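Student: Hi! Could you walk me through this one? I'm new to it.

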Amino acid sequence: MRLLTHNVLRNNTSDAIAACRVSKKNSGVTSSNYDKSPTLSISSVTSVEVRETPPNLTFVRRMLPTLDWTGLVQAASALGLSTLPPVLSEELVGDDQFITALHRVLMDVHLMEGILKCSLTGKEFQVSNGIAEFMLQEEECERMRR
């Protein structure tokens, strides 16, 4: 799983949406703007792969406004990459060398084995062979039907 993919993943269970409403009720979070909820944290990493691809600076610059920067920095750190700055500045956005390095982080680093954890509910999702297991258990499906 690329870090770009991880950055847009959210726990969309009814429990998570309800927890998001409760924890952010003053900021107006609802199921329609749930995408503002926290990125899933990465833990128990046992395998990471780097697969180099040609850098696409235009693509990376266009993706910047959609990124959860704090979530990306935390995810990269969980994978042993501590080179991302805590804050993204306009100066860095204009720096081709930085954008090339960011492309490497977003597109070339793959979480192969580990766990994604929802900070709202504590629910964990296994990542195996680079694929997150988001299948709900039967009791979770029953709760969603009600």
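**Starting with Asn-7**

Tutor: Setting aside neighbours within four places in sequence, Asn-7 is in contact with Thr-39, Thr-66, Leu-67, Asp-68, Gly-71 and Leu-72. Asn-7 lies in helix H1. Keep in mind that this is a predicted model.

Student: Is Asn-7 buried or exposed, then?

Tutor: Buried: its relative accessible area is 1%, and the cut-off for buried is under 20%.

Student: What is the mean pLDDT of the protein chain?

Tutor: The mean is 86, and 84% of the residues reach 70 or more. Over residues 29-35, though, pLDDT stays under 50.

Student: New topic: how many aromatic pairs are there in the whole structure?

Tutor: A search finds two. Trp-69 and Phe-98 form a tilted pair, 6.4 Å centre to centre with 50° between the planes. That pair links distant parts of the chain, with Trp-69 in helix H4 and Phe-98 in helix H6, 29 residues apart.

Student: And the other pair?

Tutor: Phe-125 and Phe-134 are also tilted, at 4.8 Å centre to centre and 50° between the planes. Phe-125 counts as buried at 2% relative accessibility, while Phe-134 counts as partly exposed at 32%.

Student: Back to H6: which of its residues are buried?

Tutor: Phe-98, Ile-99, Leu-102, His-103, Val-105, Leu-106, Met-107 and Asp-108. What covers them includes helix H1 (3-8) and strand E2 (109-117).

Student: What caps the N-terminal end of H6?

Tutor: Asp-95 does, with a side-chain oxygen 2.9 Å from the backbone nitrogen of Gln-97.

Notes. Residues numbered from 1 in each chain as written. Predicted model: local features only at pLDDT ≥ 70, side-chain atom pairs only at ≥ 80, totals over all residues. Heavy atoms only, no water. pLDDT = per-residue confidence, 0-100. Contact = heavy atoms within 4.5 Å. Buried < 20%, exposed > 50% of the residue type's maximum accessible area, 1.4 Å probe, protein only. Helix = DSSP H or I, 4+ residues; strand = E, 2+ residues; numbered from the N terminus. Polar contact = N/O pair within 3.5 Å; in protein donor to acceptor, adjacent residues only side chain to side chain. Phe/Tyr/Trp six-rings, centres within 6.5 Å; stacked < 30°, edge-to-face > 60°.
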